[in-house]
Each structure stands twice: as structure tokens, then as C-alpha cells.
Amino acid sequence: MIEEKSSFRVIKDGENSARVNMATDDALISSFEENDKAILRVYHWSKSFTIGVSQDFSSYSFCDEYNGNFAKRVTGGGVLFHGHDLSYSLVIPTPMLKSYNIKQSYEMICYFLLNFYKKLGLKTSFAKDDEGVNLSKNEFCQVGYEAYDILVNRQKIGGNAQRRTKKVIFQHGSIPLCSVKKSNTNLENENSIDERFGISLEDLNINLSYEEAKNLLIESFNESFKVELINSQLNEKEKKKKEELLKDKYDYAK
């Protein structure tokens, strides 16, 4: 487990565009230096979507619906829609988890998410532990099921992805708070969930504001790992790197 004597900077962010959120994640990774404190960032989104690092925006006809509010993640996976969800990002020094392989570290990190859902009275499991789930990939994150996806009532909720560099283990993920229904006029289906967005806490009769969800997620992280949490913001180096990335990497109009 993460050593209890470890310290994490906690950055409580607000609502941002996809470009700003992904440039911020990218800046936290690329600005990280040896002996820097680990980071937990929590934030949410305006209506937008992100795609995996190996995907291409030209593959999707719905880009115009989002008025340029989309971005490519630094991790893999498929299309993930935002604007109804809370997200977290973790930047952890590689030595902190040196005794864990990729699968082990992924499962261990996800404990705080399981704790978050447990505190809401929900019973969860990993997809790999449910014999009734067929593991499969899909171009839309919420449609496919991978081994460490989190299930509630045998349905996938949210999604998580990890990337490793020499310096850090980076993981981010999404927790859907609000329901997204299919946009059609068929009365029979008007209340059905759009599978591309997946189920949400609201669909499970749990209603949380973004602020409530952020506080509960941080509390769950603290209970799970018992590390020192230090309220923080982006430092000047990180802010500068974010602005550079927004101009040089995340300006898709160029």
C-alpha cells in the first residue's frame, strides 16, 4: 500500500473545458521532479468529450456538436463524454509504488474509488471478479468492459486509465454523477440510458452536487491510504507549462 507517511498535494479544481483539463493533467506530469510531493486533483467539466491517445477526432461525426470542446487524453482507452461527471487525477512518484506491477498498482489505487461507492451504500466489484461479465474492448469507454472496470449492480460505472513514465505513475478517472438519457422522441425509449455515457449515481437514486462529490472523494482517499493531505494549487512552473501546452499541443484549430 501507499506508505502512511507520504504526503499528497490536493488540488480542488472547478469546471473547465476538455482542453484545459487535459492540459492541466499533462502539465502536472511533465513538471514533476524527483522528490516532489504526490498529487491528487479533483475537477469537473463543461459539456465535452475526450478520446484516447491513439484515437483520431476525424473518426467521429459528433465533433461539431461540441463546438471544439474536446481533447485527447494522455492515456489510452476510448471516447469518454463529460459534463455530467466528476474526475480525479493522481500523480504518484514511481518509487512510491515500486513493489507493484501495473495490474497490482491499478487495483490498489482503485481502492479509494471502491470506498467512495461503499460510503454511498453501493456494492461494487471489479469486472474481472464477476463471472457473468464478458470482458471486451469498445471505441466508447462506457460500452466496453475491461478487467479492472468498477461495477455496481453488475453494470459498469465510470472509467479509469493509467500511464507510466520513469518519474511518475499517473492515473485519472471519471465518476458519472448525473443521468444522460437517449435523445430521441420514441416514448418507449425516452427514459432509457444512453449506453455511450453509461449509468450514473443519479440512475442509482443518489444525488450529489459536484462539491459534495469532491469532498467525499477526498475523504475516501484519505480513509483508504491515511496519507497527509495538503491543500494546494498549481505552482508557477505548472501554470506556465499548462499555458505552453494549451498553445502548442491542445490547440486543435491550428
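**Rings, a helix and a sheet**

The charged end of Arg196 sits over the ring of Phe62, 5.9 Å from the ring centre; a charge counts as over a ring when NZ of Lys or CZ of Arg is within 6 Å of the ring centre and within 35 degrees of the ring normal. Keep in mind that this is a predicted model, where local features need pLDDT of at least 70, side-chain atom pairs count only at pLDDT 80 or more, and totals for chains, interfaces and linings use all residues. Residues are numbered from 1 along each chain as its sequence is written, and side-chain values use heavy atoms, with hydrogens and water left out.

**Aromatics**

- Lys47 also lies over a ring face, that of Tyr66, at 5.5 Å from the ring centre.
- Searching the whole structure turns up 26 aromatic pairs (rings of Phe, Tyr and Trp, the last by its six-membered ring, with centres within 6.5 Å; planes under 30 degrees apart are stacked, over 60 edge-to-face, the rest tilted).
- Phe49 and Phe81 make a tilted pair, with 6.2 Å between centres and 50° between planes.
- Phe49 belongs to strand S3 (residues 48-51) and Phe81 to strand S5 (residues 80-82), so their pair ties together parts 32 residues apart in sequence (strands are DSSP runs of E, at least two residues; helices are runs of H or I, at least four; both are numbered from the N terminus).
- Phe49 and Phe81 are both buried (under 20% relative accessible area; exposed is over 50%, partly exposed in between, with a 1.4 Å probe and protein chains only).
- Tyr250 and Tyr252 pair edge-to-face, because their ring centres are 6.3 Å apart and their planes meet at 80°.
- Tyr250 is buried at 1% relative accessibility, while Tyr252 is partly exposed at 31%.
- One aromatic cluster includes Phe49, Phe62, Tyr66, Phe81, Tyr250 and Tyr252.

**Helix H2**

- In helix H2 (residues 102-109), the buried residues are Ser105, Tyr106, Met108 and Ile109.
- These residues span an arc of only 165° around the axis, so they sit on the same side of H2 (the arc is taken over directions from the helix axis to the C-beta atoms).

**The S7-S8-S9 sheet**

- Three strands form an open sheet in the order S7-S8-S9, with antiparallel pairing (two strands pair if DSSP finds at least two bridges between them).
- Strand S7 (124-126) and strand S9 (155-156) are at the edges with a single partner strand each, so one side of each has no neighbour in the sheet.
- S7 pairs with strand S8 (residues 150-152) over three bridges, and Ser125 stands opposite Leu151 in S8.
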